[in-house]
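Here's a quick briefing to read with the model open beside you. Take a look at the structure first.

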Amino acid sequence: MIMNIWTVMEGIVMVEFFQALKDPDLVFLRYALILSLVASVPLGAVGTLVVARRISYLAAAIAHSALGGIGVALYLREAMDWLWLSPMLGALLSAMLSAALVGWVSLCAREREDAAIGAIWVSGMAIGLLSIYHTTGYVDPMGYLFGDILLVQAADLQLAGVVGLIITATLLLAYRPVMAVCFDAEFAAIRGVRSRWVYLLLLQMTALSVVLLVSLVGIVLVIALLTLPPAIASMWARSLWQMVLGSIFLSAGFLVAGLVLSFSWDVPTGPVVILLAVSVYLACLAMGRFSSRG
Amino acid sequence: MTEATQPVVCLKGVHFAYGSQVVLEDADFDIHAGESVCMVGPNGGGKSTLLKLILGLIKPAGGAVLLFGESPLQSRNRVGYVPQQVAFDPLFPISVLEVCLMGSMRGRSLGWASKAERADALAMLDSMQLADLARTPFSSLSGGQRQAVLVARALMAKPDLLVLDEPTAHVDVASAARLMDGIRALGEDMTVLMVSHDLSFVARTVPKVVCVNRCVHVHPTAELSSEVLNQLYGHELRMVQHDHEHLDSHGGHCHG
């Protein structure tokens, strides 16, 4: 009985959501859905490598420093009339710059690597907040930190499409060296793979991926979406490509389900997506423990 | 010097330091084709550094490292490497076949492995009695099986020089013996260079030992004495000779 009621309610929510997609006044909803589906592929693939290589901390530093680019872009648009410099493009450029810095530090620093990476992390955020403070007019940084569905623009979709294609093509082309470097960088180097360059490439791909969903889930929450789907997929995946596929489907599932539920409950999308991912992750962990004991 | 007479590994006055800390001083030795040699020495004595120099992962501060008469980078396609298995992330999702396929990679390998490479990898796993495990996650293997997969990966490149770092660590005696038999069966002419702390294994397996502790000295295994080991490890070691002429070690003492 309870299941039947739940199924009916679910159906109503879905119907409402898909009807809303056709509404010209709610075009942002359509943009958010397209962005979710476009971003799932690179996010799932790059997230798998980040989790497998255990560099989530570096990815978090890159994501947070994107606020610097967002703030500077907003300031320059206002102060210099550089209207071509969208916040997403600013985020993209600053994330790529911090990925290069983080990569250099993690490869070259002999000591206190975590402190140097932490400095890059907070410097980006500080620059972003100062730039937003000096921008004329009211800009709420909360939207960029935790996501705001209204921030998703048509131009962002085009940029996301191009970036998503670049990431997917690069990873398909460089799958073997990237996998080899993630598993055993020393052996890869001995086989002639330029391990350091491949590692830096992976960090750049991470930078591009986290920026894709800045507007929808925000730079703070995007790390959860980058790491939780691969962590769940790793519980059953027997190889890296199985983990990549699982992560892509899980990312798409969490994003679309989060969109539908947040629309239905009239709450922010980012937190719903993340809580959904965390709930499934915890449930899978519990099931794994339960079955291993049984 | 012809290919046949020149040493496979040649170190001439090699010097290396991390900052102001000298790790290797004036290291000189040759390893010739078909020889099996083991590097022994205390922790921090420079074995790993020497291995990295030979593999071309680092460059010497002074002197020269030559493999087959060329630099390590130029001759890397002739070198197979088996790292310590403890260096791997146990949660990394990778199948035995995928690990093995890494061995056939070249610097410019892109995309995915070809059908021919997959067939070669399966044949190599078959020759190591690992074909049934091809689709198994690497992390679910036993220590001995993992070591065998890493050897299979190294042999994929059909190397003339095989370098093994601690091949007996986390492996039982029988598995270690099977592993060495397998290596010898697959490459009788191959030159083998190992790093090991297991003096018993060293005595059973190789005729020549490179003792490394900042300086490098080469000894025939049969000539290893308590004095040599005391000097090398800076600790009193006692060698006990068994009938089967194997070295054995217990609690800091070496029996030979």
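What follows covers the chain contact, a helix pair and some strands.

This is a predicted model, where local features need pLDDT of at least 70, side-chain atom pairs count only at pLDDT 80 or more, and totals for chains, interfaces and linings use all residues. Residues are numbered from 1 along each chain as its sequence is written, while chains are lettered from A and ligands numbered from 1 in the order in which they are written.

**Where the chains meet**
- Chain B puts 25 residues in contact with 23 residues of chain A (C-beta atoms, placed from the backbone, within 7 Å).

**A helix pair in chain A**
- Helix H3 (residues 56-79) of chain A packs on helix H5 (residues 113-134) of chain A at an angle of about 20°, with the axes 7 Å apart.
- That angle is why H3(A) counts as roughly parallel to H5(A) (the cut-off is under 35 degrees).

**Strands in chain B**
- Strand S5 (residues 79-82) of chain B is covered on both faces, with Val79(B) and Tyr81(B) buried on one side and Gly80(B) and Val82(B) buried on the other (buried takes 20 or more other C-beta atoms within 10 Å of the residue's own, with C-beta atoms placed from the backbone).
- S5(B) runs parallel to strand S6 (residues 161-165) of chain B, joined by 4 bridges.
- Across from Tyr81(B) you'll find Val163(B) in S6(B).
- Strand S1 (residues 9-18) of chain B and S4(B) run antiparallel, with 5 bridges joining them.
- His15(B) has Gly62(B) in S4(B) as its bridge partner.

Notes: Two residues are in contact if their C-beta atoms, placed from the backbone, lie within 7 Å. Axes are lines fitted to C-alpha atoms, for helices over the stretch in contact, and angles run from 0 to 180 degrees between N-to-C directions. Helices (H or I, at least four residues) and strands (E, at least two) are DSSP runs, numbered from the N terminus. Angles under 35 degrees count as roughly parallel, over 145 as roughly antiparallel, 65 to 115 as roughly perpendicular and the rest as oblique. A residue is buried if 20 or more other C-beta atoms lie within 10 Å of its own, exposed if 12 or fewer, and partly exposed in between; C-beta atoms are placed from the backbone. Two strands pair if DSSP finds at least two bridges between them.
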